[in-house]
Amino acid sequence: MATGLLLGSARRRRGAYRQAHLLLAAGALVALLSLAVGLAGVAVTPTHQQAERTGWATVVAVGIAVSGLLGCAGLLRMPGVVGSRSGGVRLVLDGVSVATALWFVGWVLFSEPTRLLGDATPMACVPILLATVSAALAAGLNAVVAARAPRPRLRLAGLCCGITATIVGGLGLAGGLCQAGTTLALAGATLLAVGLLGAASAVHTADPPGQVQADLIRRDSGYAFLPMIAMAASAGYHLLQDGRFDAYGITAGSLEGFALVTRQYLTLHDMRGYAARLVEREAHFRKLAHTDPLTGLANRRELLRALSAAADSQEPVALLGLDLDGFKHVNDMRGHDVGDAVLAEVGRRLRAHQEPGYLAARLGGDEFAVLLRGGRAVDADRVAQRLLAELGRAYEQPAGPVLLSVSIGVAGRADESAAAPRRADEPDVEVLLRHADLALRHAKQQGKNRTERYDVGYEQRLRRRTTVEHELRGAIGRDELRLVFQPVASLPSVRPVGAEALLRWRHPELGNVRPDEFIPLAEECGMIATLGAWVLDEACRQLSRWLADGHDVWVSVNVSPRELHAEQYVTQVAEALRIHRVPPQRLVLEVTEHAVATDLDALIRRLAALRRTGVRIALDDFGAGYSSLGQLRRLPIDILKIDHGLVAEHEPVRPVDRDGPPFAPMVDIVMRLGHQLGLEVIAEGVTSPTELAAVVAAGCRFGQGALFGWGVPAEHLEAMLDAATSPGARPPVVPRAALPGPPAVPRPALPAAPRPALSDAPAVPRPASPGAPTASRAALSDVPVGVVPPDGTGVPPGGAPSAQVGGASSRDGSGCANSR
């Protein structure tokens, strides 16, 4: 039955399992034949015919030996039992060591003087010796395989036990035949049959699981010591019993020694190979750890190592930081595969220039670095120019060439000066890296596709920028911000009728921070919306107070493009008007002309939504940006503010062949255009009586600039408004020659503006008080109020410069920066 199961299993298997099962089936078949011969010998041979029984025993012993060899070979051929050739040899040597020890212990027990079986010991049956060797070898090898098998190892252990039981049973059958021991022969035959059935059941339904482990360090030492300990103990016992060692015992001991020596030599050889492979892999992984896998250049770790070595040697060194300009668009438009191909080509171009003292590295993304050591450090600028040209060449790709430029920052040890800020614990390597990065950033800011050498001023500006950005985030909470108001005057009477809210920041340590410094930073770091909300709220609060006090005035607030495109800004404006009870038409939101250049459709939608709340929209800095006449017709605006560049023309044009004051032709054109479109026009940057006369001659009704006053605190502007409304206040006299007259160039009459003028806003009544006249809102140019003197009287000394909030450049209200 067992043989049939093994033959059927061999037919179903494929590959390596088929070979192993064929060997097991062949061993089972030989064992079956040996069993049949042995039983036949027991049945037909009389007990007194020793020679004939010895012949039968010899046939059985030979058959069992062959069966054992086939079974062990099938076991070793099982997939997972032998991992490698050297592992298989060590496994066999371990089995031989254990088998020799088992055989030697058996020889001691069954030979003189112990003779464990007494008279039944088959001492005169030499063929039994072959069966004992086969049984010991099978037992030893199967024991080692079963011990090394990982869990679960039930089926593999069952196969090993089945093979061992088969061989030991055959040995008992042969011994019983040789000594005429029918009982021993039948017991051996039964054990042989049981072993065959056990082996067949172990491999018939499933394959032996797992990989036999050969741990060279922790587990293999036991296989070297245990057999020797067993043999030494047996030999000592044998000597104590006055035993003698014959050729068999000496051969067994010698075989054990050779097996252990050979096995340990192979282990040592494998350990040396394992150590060599570890060294090789360590070198390989060390190279990978210091090499960029995409470009083959050194990575950041290798660059830092080289920089540290250069710093220790105190040799001249220069570091070039490189960054590809516009590489992100390559990934976005052409895909990351093309981007990786471009980066690989950059690596090849950098490696093509490598010489002694030259190390190219990729720091990450599209950022690279080149380290120049020794004599090559003095050629850093020349190398940078060569790389600028080399990396700027087209990168040929299957879908078409990729055109890129590169920015390079150069830093060297010679660039470090005592004036450069440096932390006490900062190493030279970090200093050089930081200097190269600062120079690279400056090259980017200067327009890209260029080289820049490190300068200490870069770092000072960066530190200042970082400090300002950090302190700006808490300026509102520390109550460091304030608003100043620059008056807007009606012309030609130059009476204040409105004001522009301008933001100021005074820091306890930094002092007065210029708006043209912190406003761009607020745009970049995302603080502009917070600042804009604060300015809107404060401006509405102050406007509410002025209106409650009976001042007929309006206030304008600058709006950044980021605020304007926010979904919640319209709601924010309406809420501020509601909270402070400000009539919407008293609030003017100023949008710079530069904001019109981007996303015009979305801008029109936002402005239209704002106008629906009732506020008025002014287009600031008109004439300095990119808005076209077509865009101007589409924009839902109420006011044009003429840029200072148009007002401050070099020489006003005098009328031809006529008497009259000179006028500004560009202001005249904008005035006509604005009135034709139904817009009110305000001239910004009026700084002199000549400019005032020119804009008045052009027909401009409102002006703003240094001539009418700088940005002043709210209480100062309130004093101006009070002075303008006080009885007997007289405006300054504009020189007669400067008064407007009919210009020589005829101008057609302009139609009435369809949009409400600034002077059409209804007055906000205030409670009557004794002696205080009630102000009523007429045309702004006709309001009988006071005026800010043209010489700047009443402006507090040391007044801070003005600036718009919302991305506009710092201005004094005239469109130009100032430091007053």
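Q: In what order do the five strands of the open sheet lie, and what is the pairing?

A: Happy to start there. Two strands pair if DSSP finds at least two bridges between them, and strands (E, at least two residues) and helices (H or I, at least four) are DSSP runs numbered from the N terminus. Here the order is 2-3-1-4-5, with mixed pairing. Strand 2 (358–364) and strand 5 (451–453) each have a single partner strand, so one side of each is left without a neighbour in the sheet. One note on the source: this is a predicted model, where local features need pLDDT of at least 70 and side-chain atom pairs count only at pLDDT 80 or more, while totals for chains, interfaces and linings use all residues. Residues are numbered from 1 along each chain as its sequence is written, and side-chain values use heavy atoms, leaving out hydrogens and water.

Q: In what sense do strand 2 and strand 3 pair?

A: Strand 2 and strand 3 (residues 367–373) are antiparallel, over six bridges.

Q: Which residues of helix 25 are buried?

A: Buried means under 20% relative accessible area, against over 50% for exposed and in between for partly exposed (1.4 Å probe, protein chains only). In helix 25 the buried residues are Ala714, Leu717, Met720, Leu721 and Ala724. They cover an arc of only 120° around the axis, taken from the directions from the helix axis to the C-beta atoms, which puts them on the same side of helix 25.

Q: How many residues has the largest nonpolar core?

A: A nonpolar core is a set of buried Ala, Val, Leu, Ile, Met, Phe, Trp, Tyr and Cys residues joined through side-chain atoms within 4.5 Å. The largest one has 83 residues, and Leu589 and Leu610 have the most contacts inside it. Helix 17 (residues 528–548) gives the largest share, ten residues. A second, separate core has 47 residues, including Val42 and Leu75.
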